[in-house]
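Notebook open, structure loaded. I'm going through it spot by spot and jotting down what I look up.

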Amino acid sequence: MEVFRKKKDLRKYLENECLKKHSIGFVATMGALHKGHRSLIRYCKKDNDVTVCSIFVNPIQFNNPEDLEKYPRPVEADLNILNDEHCDVVYLPDREDIYDHDPDRTVIQFGKIETVLEGKYRPGHFRGVGLVVAKLFHIVQPNRAYFGQKDLQQFYLVRQLINDLSYNIKLVCVPTVREKDGLAFSSRNVRIRRETRPLACKFYDCLVQSRQLLKEGLPVDQVRKFATDFISGFPPLTLEYFEVVDTRDFSITKHIINKYETALCIAGYLNNIRLIDNVFYN
Ligand code: AMP
């Protein structure tokens, strides 16, 4: 496994791979790797000659300084996991290698998608994600990129970025990997205290039960009320949002127009730890 800390060294290596006509797959992460990340690497390895994984805790996508400060950074363990998965190339830049400029200078706006759900509750988050992904795509120049369904709105934002900026990259959505009780793997889960851990899967339970009610014909408004009541039954869990969205433009919807394009999205807190999750309607 090759580990690069500088983009110019990474480029030199990848240009040589391109000369050999090798296809390049890319997985972008912020480290603290878990089974969800492993799954992305496995999907990537299946489709491509060379799998590149980046580990970069992108400071400009954190709207909460405490969240950035507390974000886990177990670099040694991450490299062991990537080695274990036979990842070919790791890009492990420092801040300067990515932002050799003021990151507020050139900004990408995403329109409607950055004003709802995660965009609404985490101001600036998606511009931070968008900028770093745009830069990483230029640095890695992959044929394919793998993003998790776990961050569904981010996936659709990246789809918009690829389309609107004419990147020649095939985007793959990898299904969410979950613990036995349904809790989606997340780097933030290590912060959940043992006493409250059984509550963490209630967001997923809420999504599954809400989806069932929708399928039985309960109107979206009433399902939202069900979800709100459900979460309030499990203090200290608090609900930030529960919405049914049309994934074609990520708009909040009151009616299911196309069941293949509909998803249920939830976000909330377990004490001070923010958790998000989603399921597709179908
Ligand atoms: P992160 O390191 O949190 O930025 O995540 C890197 C990538 O892994 C993103 O595309 C996430 O959507 C994806 N990911 C995170 N958690 C999971 C999970 N439980 N299952 C599948 N993919 C995931």
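This is a predicted model: local features need pLDDT of at least 70, side-chain atom pairs count only at pLDDT 80 or more; totals for chains, interfaces and linings use all residues.

**Lys6**

I started at Lys6, which lies in the loop between strand S1 (2-4) and helix H1 (7-19). Helices (H or I, at least four residues) and strands (E, at least two) are DSSP runs here, numbered from the N terminus.

Residues are numbered from 1 along each chain as its sequence is written, and side-chain values use heavy atoms, with hydrogens and water left out.

Is Lys6 buried, exposed or partly exposed? I get 36% relative accessibility for Lys6, so it goes down as partly exposed. The classes are buried under 20% relative accessible area, exposed over 50%, and partly exposed in between (1.4 Å probe, protein chains only). The areas themselves come from the Shrake-Rupley method with a 1.4 Å probe, and for residues only the protein chains shown count as cover.

Leaving out residues up to four places away in sequence, Lys6 touches Tyr91, Asp94 and Asp97. Contact means heavy atoms within 4.5 Å. I also checked Lys6 against Ile139: they are 133 residues apart in sequence and 10 Å apart in space, C-alpha to C-alpha.

**The ligand**

Which residues come nearest to the ligand? Of the 17 around it, they are His37, Gly148, Asp151, Val177 and Phe185. "Near" needs a heavy atom of the residue within 4 Å.

Then I looked at polar contacts, meaning pairs of N or O atoms within 3.5 Å; within protein, one must be able to donate a hydrogen and the other to accept it, and residues adjacent in sequence count only if both atoms are side-chain atoms.
- His37 uses its side chain: an N or O atom there is 2.9 Å from an oxygen atom of the ligand.
- Gly148 uses its backbone, with an N or O atom 2.9 Å from a ligand oxygen.
- Phe185 also puts a backbone N or O atom at 2.9 Å, but from a nitrogen atom of the ligand.

On its own the ligand exposes 490 Å², and the protein buries 93% of that. Strand S2 (24-29), helix H2 (35-47) and strand S5 (144-148) are the elements giving two or more residues to the shell. H2 has the largest share, three residues.

By type, I note eight nonpolar, seven polar and two charged residues in the shell.

**Met30**

Met30 is found in the loop between S2 and H2. It is buried, at 16% relative accessible area. Leaving aside neighbours within four places in sequence, I find Met30 in contact with Ile55, Phe56, Val57, Asn58, Gln61, Phe62 and Tyr71. Ile55 is 25 residues from Met30 in sequence, yet their C-alphas are 4.9 Å apart.

**Cysteines**

How many disulfides does the structure hold? I get zero, with the cut-off at cysteine sulfur atoms within 2.5 Å. Cys44 is buried, at 0%. For Cys173 the closest cysteine sulfur is in Cys265 at 12 Å, again too far for a bond. Cys173 is partly exposed, with 27% relative accessible area.

**Thr262**

Thr262 sits in strand S9 (residues 262-270) and is buried at 2%. Its side chain reaches the backbone oxygen of Asn258 at 2.8 Å. Not counting residues up to four places away in sequence, Thr262 touches Val244, Val245, Thr247, Ile256, Phe280 and Tyr281.

Most residues other than glycine have a negative phi, and most peptide bonds are trans. With that in mind, I noted these exceptions.
- A cis peptide bond joins Pro235 and Pro236, with omega about 5°. Pro236 is in the loop between helix H10 (220-232) and strand S7 (237-246).
- His86 is not a glycine but has a positive phi of about 60°. It is in the loop between helix H4 (75-84) and strand S4 (89-91), and it is exposed at 56%.
- Leu117 also has a positive phi, about 45°, without being a glycine. Its loop runs between helix H5 (95-98) and helix H6 (118-121), and Leu117 is buried at 3%.

Conventions. Ala, Val, Leu, Ile, Met, Phe, Trp, Tyr, Cys and Pro count as nonpolar, Asp, Glu, Lys and Arg as charged, and the others, Gly among them, as polar.
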